[in-house]
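Opening the notebook on this one. I want to look up how the chains are built and where two of them meet.

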Amino acid sequence: MQAAVFSRASLQLPMPSQATRRAVVSILLFIVFWEAGSRSKEWLGTALPWIGMVPAPSAVLQVWGGLLTDPGYWQSWYLSLMRVLMGFTAAMLVGIPLGLLMAVSRVFNDMWFPSFEVLRPIPPLAWVPASIIFWPTQELSIGFVTFLGAFFAVVINVVGGAKSIDTRFFHAARAMGASQWDIFRRVVLPATLPSIVVGSSVGMGITWNVVVAAEMISGGGSSGSGGGLGFFIWNSYVGGSYEQIVVGMISIGIAGYACSEALRRLGGLATPWLRKR
Amino acid sequence: MNTPASSTAAGAPPWRGAANAPTTVPGSASSSRALEVPGVETYSQEWICALLRSTLPFQTLPEELLHAVARLARVRSYAAGQVIYRRGEEADDIHIVASGRVRHELLAPGQERLERTMHSGDVFGWAAVLEAPRQRLAETTALERTEVLQIDGEQLLQVIERDPAAGSVVMSRFAAMITREFSAPASVAARVRHLNGRSAGPAGVPTGWALTMYRLAQWLKSPRPYLMVTGFGILLTLWYLTVEVWKLPRFADMPGLTVVVKEMFSQDPTYGLSVYTPEYYQHIWASVRRVGIAFVLATALGVPLGLFLGWSKTFREYVFPVFETLRPIPILAWVPLAILMFSGTESPVIFLTFLASFYATALNTMLGVESIDESYSRAAYCLGASKWQVFREVIVPGAMPFIFTGLQISIGVAWFSLVAGEMVSGEFGLGYVINTSYTMVRYPTIIIGMVTLGLVGYVTSAMVRVAGDWLMQWRVRELTMGGR
Amino acid sequence: MAAVMETTPARAVSGRTAAAQGAIRIEDVVKVYDPGGAAVMAVDHCSLDIAAGEICMIVGPSGCGKTTLLNAIAGFHSITSGRIWLDDQLLCGPEKPLADPGSDRVVVFQNGALFPWKTNLDNVAFGPMMQGRMSRKEVYEKARGMMADAGLSGMEHNYPGELSSGLRRRVEIVRALMNDPKVLLFDEPYRALDSLTKSVMHEALLEIYYRNKVTIFFITHDLEEAVFLGHKLVIMTSRPCRPKKVIEVDIAHPRDYGVLTSSRFRQIMDETSEVVHEEARKSFAAGEKEG
C-alpha cells in the first residue's frame with residue numbers, strides 16, 4: 001500500500017491542461033487538412049480550388065531545411081528586422097512626445113489634431129511613390145513609410161490614453177503641491193504608459209505589414225538596398241519557387257511574433273502595477 | 001473675485017445705457033429679494049435679445065416674439081452669498097444669469113443631488129414653466145455680485161402663445177434642456193406646460209438637428225475652429241512655399257500645391273484625372289466596390305465567428321489556436337500566395353482585403369463578448385432565460401459596442417490592405433492610380449489619388465460609425481447623459 | 001469544526017405559513033476555491049435557516065465569502081460540500097454541487113444588471129417574456145402596472161443609462177418581482193449610493209416587501225441598514241465565513257424611518273456593533289479586498 005502511494009507520487013507527471021490538448025489537436029488537424037488539400041491533385045484527380053494551389057507543408061519543410069544554411073535567407077531576416085526596428089523606434093520617438101503634447105496643451109491640440117486626423121485615413125502605402133520622389137535613397141523612402149504607419153497608431157493611442165486620465169489624479173497631485181512639470185512627469189506620463197504600450201503593439205503590427213509590402217513593391221533594388229523578407233517572398237513568386245513563398249510567410253510570422261512578444265515583456269516591465277492586478 | 005459695487009468704477013459692463021446703477025440691500029442674506037431695479041432701461045433691448053437668443057429655449061424664436069419676451073424681463077441684483085431662492089418656494093419666474101455666477105443645487109425626486117455653477121447666459125428657475133403645483137426644485141445662491149434677468153412664467157406663456165408653432169418649440173426646448181443639461185428624470189420634463197393642449201414633453205423633444213445646431217453655434221464661438229484652420233493653413237503654406245517659392249532642392253520633383261489643385265479641378269487635366277473626368281469616379285468606384293465586398297463578407301463571417309469564440313469555451317479552445325497561429329503573418333505577406341490561390345486580378349485583391357478585415361472583426365467581437373460583465377448573463381439566467389436566449393438577448397446586444405469599434409478598425413485595415421493589393425496587382429482603383437502615376441511620372445495625380453483615398457476612407461469609416469450610433473440608441477443616450 | 005448556530009425553526013412571518021414558499025435551509029456548506037493549486041476556503045461549515053417571507057440580513061466584512069454563499073443559492077457557484085434547500089427542494093448537494101439558476105430565486109446585483117440596451121419596460125418584462133408562460137399583452141400590462149406601483153411610471157421608454165442609480169435599482173427590483181419569486185437575493189445593492197438616496201431606497205424596498213412578502217436574503221456591510229430592514233441579522237466571521245452571531249430584530253413591521261431613533265434600535269446596534277467591528281478588524285489585518 002505504501003509502495004503504491006510512493007510510486008504514484010513520484011511518477012505523477014503533470015497532465016497538459018485540456019486547453020493545451022485541444023489546441024494541439026486542432027493545429028494538427030489543420031496541418032493534415034492543409035497537406036491533404038495541397039496534394040488534392042494527386043489523390044483526387046483534380047486540384048481543389050484555392051487550397052489546391054498552396055504548396056504542401058511537407059514540401060515547405062523540405063525547402064526550409066535547405067534554406068537554413070543559405071546566408072542570403074538570413075540576410076533577408078536581418079534587413080527586414082533592421083527596417084522594422086528603425087521605423088518603429090522613429091515612430092515612438094516622434095509620436096509619443098507629440099501625442100503627449102496634444103493631450104496636455106489645448107491650443108496645440110486644437111491646432112494640429114484636425115490636420116493629423118485628415119492625414120490619418122490615407123493608407124501608409126499610398127505614400128510610397130511620394131516618399132520615393134522625395135527621399136534620396138530607397139532605404140530612406142521605405143523607412144519613412146514605415147515610420148508613418150506606426151506613427152499614426154502610436155499618437156492616436158497616446159492621445160486617447162492621456163485624455164482618459166481620471167481628473168482626480170490631477171486634483172490629488174495639486175493638493176499635494178505638485179508643479180505643472182511634476183504633474184506631467186509623475187501623473188500624466190505613468191498614467192499614459194499603458195496606452196503607449198497598446199499603441200506600440202498596434203504600431204508594431206502595422207510596421208511589419210508596411211515593411212513587407214514596401215519591400216515587395218520597391219523590388220530588389222540596386223547597390224545593396226532592397227532585399228528583406230518581403231522581397232524574398234515576391235522574388236520566390238516571380239521565380240516560381242512556390243514553397244519558398246510559404247517559408248517566407250512563416251518566417252515573417254515568427255519574426256513579427258518575436259517582436260510583439262519582446263514589446264509585451266518591455267511593456268510589462270514598464271507598467272508593473274498592471275501585472276499584479 | 002467680487003466685482004465692484006458701483007457701476008461708475010472702471011470696467012463697468014458696456015450694456016449699461018443709463019447712469020443709475022442697480023443697488024442692493026447689503027448684508028441681509030436671510031431676506032429673500034433685492035430691490036427691484038427700475039427697469040429695463042439700464043439694459044439695452046439688443047443686449048437682452050442677444051442674451052435670450054444664446055439660450056437653448058429661445059434660440060429659434062422669431063424676432064418679434066423675442067423682443068416681446070425681452071420686454072417682460074426684469075433685472076434683479078444679488079450680493080455675494082445671497083440666496084436667490086430656496087427649494088419648495090413657489091416658482092413664478094424663470095431666471096437667466098446676466099452677469100456673475102450662481103450656485104445651483106438641484107434635488108429632483110428620486111435623484112441624487114446635482115450641483116452646477118451658472119454663468120452669464122445660463123437659464124435656471126425653469127420650474128416656473130412646469131404644470132401646477134409649481135415649486136422650486138433647487139436652491140440657488142449667488143457666488144459673487146450677480147445680476148439676473150427674471151421673466152414671469154405666466155406672462156411668458158401668454159406671449160409665446162401668439163405663435164403656437166414657435167411657442168411649442170420653446171416649451172419642447174425647455175423640456176430638452178431640463179433633461180439634458182440638468183439631468184432631471186423624464187417625469188420632471190413631462191410636467192413642462194402645454195400650449196393649447198399640445199404636449200411639450202419629451203415626445204416633442206428636439207433631438208438631433210436643433211441640438212446639433214445649438215452645439216455648432218457654441219463651437220463656433222470658441223477658439224477651436226480658428227486654431228484648426230490655422231493649423232491647416234500653416235501646413236498648406238509650407239507645402240506651397242517649399243515647392244513653389246523657395247524651390248528647395250529636396251522638394252524639386254514634388255508637385256506643388258497650386259499645380260495639384262489646378263489639376264484636380266481642371267476641366268481638361270494634363271494627366272487625365274480630375275474631378276471632371278469620368279475615369280476619376282471609375283477608379284473610386286473600383287476601390288469602393290472591392291472594399292465593400294470584402295468588408296461585408298468579413299463582417300458576415302467574422303461577427304458570428306467572434307461571437308461563438310467568445311461564448312463557447314469548447315469552441316474557443318479548438319478554433320482559436322489556429323486563428324492565433326496564422327495571425328502574426330502580416331496580411332501583405334499573403335500577396336503572392338493570394339495571387340497563386342485565386343485566379344484573375346480582382347479576387348486576390350478582394351481576398352487580401354477580406355482577410356485583414358476578417359481578423360480585425362473576429363478578434364474585436366471575441367474581445368467584446370469577453371468584456372461583457374458576467375452579471376448580465378447571470379441576471380438573465382436568474383430570470384429564467386435559456387442558454388440560447390441569453391446568447392440572443394444579452395451577448396449579442398452587449399457585444400455590439402465592441403463589434404462596432406471593431407468594424408471601424410476593420411474598415412481602416414481594409415483600406416490599408418486594398419491599397420497595397422491594388423499597387424501590386426490590379427487594374428483600376430485608387431492604389432493602382434497612385435502606382436501608375438508614379439511609374440508614368442504624373443506626379444500631381446499621385447497627390448490627387450492620396451487625397452481622394454483619405455477622403456473616401458474617412459467617409460466609409462464615418463458611415464460605419466453612424467450606423468453604429470443609429471443601431472445603438474441606448475448607448476448614445478447613455479453617453480450624452482454623462483454615462484451615469 | 002462545524003459551528004452550527006442555533007437555528008430557529010421555520011416559523012411563520014406575518015401571515016405566511018411554513019409550508020408556503022421561500023424558506024431557505026443552508027446545511028453545513030463548505031466552499032473551497034482552487035485558483036492554481038492554492039486551496040482557499042471561502043465558506044466554512046455554514047449553517048443557517050431562513051423562514052419563508054423573512055428578511056434576513058447578512059452582515060460581514062469585505063471579502064469574507066458572503067457573496068459566495070449568495071452565488072451558491074443562486075446557482076452561479078458550486079459548493080464543495082453540504083446542502084442547500086429551498087422549501088422541500090434540494091438546490092444543491094453532494095450529488096449536484098451546482099444549483100440551477102431559476103426565477104424562484106432572483107438576484108439584484110451590486111452594480112446593477114439592468115440590460116442597458118433594452119428600455120426599462122423591456123427590462124421589466126424580460127423574465128416572463130423569456131419563460132413564455134404569459135402572452136405578450138399580459139406581460140406588458142403586468143409590467144406597466146408593477147412599474148406604476150413602484151412609482152416608476154413615465155420612465156417606461158427610457159433606457160437605464162438615462163436614470164440615476166437609485167431609480168435603476170428600483171427598476172431592477174420590479175424586474176425581479178415580475179417573476180413571482182420565492183426569494184430575492186440582494187448583493188449589497190445600495191453600496192454605491194449616497195446615504196440620502198439609500199434612505200429613500202430602504203423605504204421603497206420595505207414598501208415593496210409589504211406588498212409582496214418574498215423572502216429576502218440581503219448582503220450588506222452597513223449595520224444600520226441591516227438592523228433597519230431585517231427580521232434577522234446574521235453576523236459572519238471574516239474569511240472563511242460562517243455565522244458568528246444571529247440576532248432577532250424584534251422591532252415591529254411595518255417600519256419607517258422613525259425607527260432609527262427608537263431605543264430598541266439603539267440597543268440592538270450596541271449589541272451588534274462590537275461583534276461586527278471585531279471581525280472587520282480581522283479582515284482588514286488580513287488585507288482582504290472587497291468581493
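Predicted model: local features only at pLDDT ≥ 70, side-chain atom pairs only at ≥ 80, totals over all residues.

**Chain C, overall**

I started with burial: 48% of the 291 residues in chain C are buried (20 or more other C-beta atoms within 10 Å of a residue's own; 12 or fewer is exposed, anything in between partly exposed; C-beta atoms are placed from the backbone). Residues are numbered from 1 along each chain as its sequence is written, while chains are lettered from A and ligands numbered from 1 in the order in which they are written.

I get seven helices and 10 strands for chain C, taken as DSSP runs (helices H or I, at least four residues; strands E, at least two) numbered from the N terminus. The radius of gyration of chain C is 19 Å, close to the 19 Å from the globule rule for 291 residues, so chain C is as compact as a globular protein of that length. That radius is over C-alpha atoms, and the rule is 2.2 Å times the number of residues to the power 0.38. Along the principal axes, the C-alpha atoms of chain C fill a box of roughly 55 × 50 × 40 Å.

Next I checked contacts (C-beta atoms, placed from the backbone, within 7 Å). In chain C, 74% of those with a separation of 6 or more are between residues 24 or more positions apart.

**Helix H7 of chain C**

H7(C) covers residues 263–285, and its end C-alpha atoms are 33 Å apart, which agrees with the 33 Å that its 23 residues should span at 1.5 Å a residue (1.5 Å times one less than the number of residues). Where is the kink in H7(C) centred? I found it on C:Thr272, at about 30°, the bend being the angle between axes fitted to the seven residues ending there and the seven starting there.

C:Ile268, C:Val276, C:Glu279 and C:Ala280 are the buried residues of H7(C). Their cover includes helix H6 (223–229) and strands S3 (55–59), S9 (232–236) and S10 (243–248) of chain C. After H7(C) comes C:Gly287, with a positive phi near 70°.

Chain B has 17 helices and eight strands, and 42% of its 484 residues count as buried.

For the interface, I have 43 residues of chain A in contact with 51 of chain B. Elements of chain A giving two or more residues to that side include helices H2 (18–38), H10 (180–218) and H12 (242–270).

Conventions
Contact = placed C-beta atoms within 7 Å.
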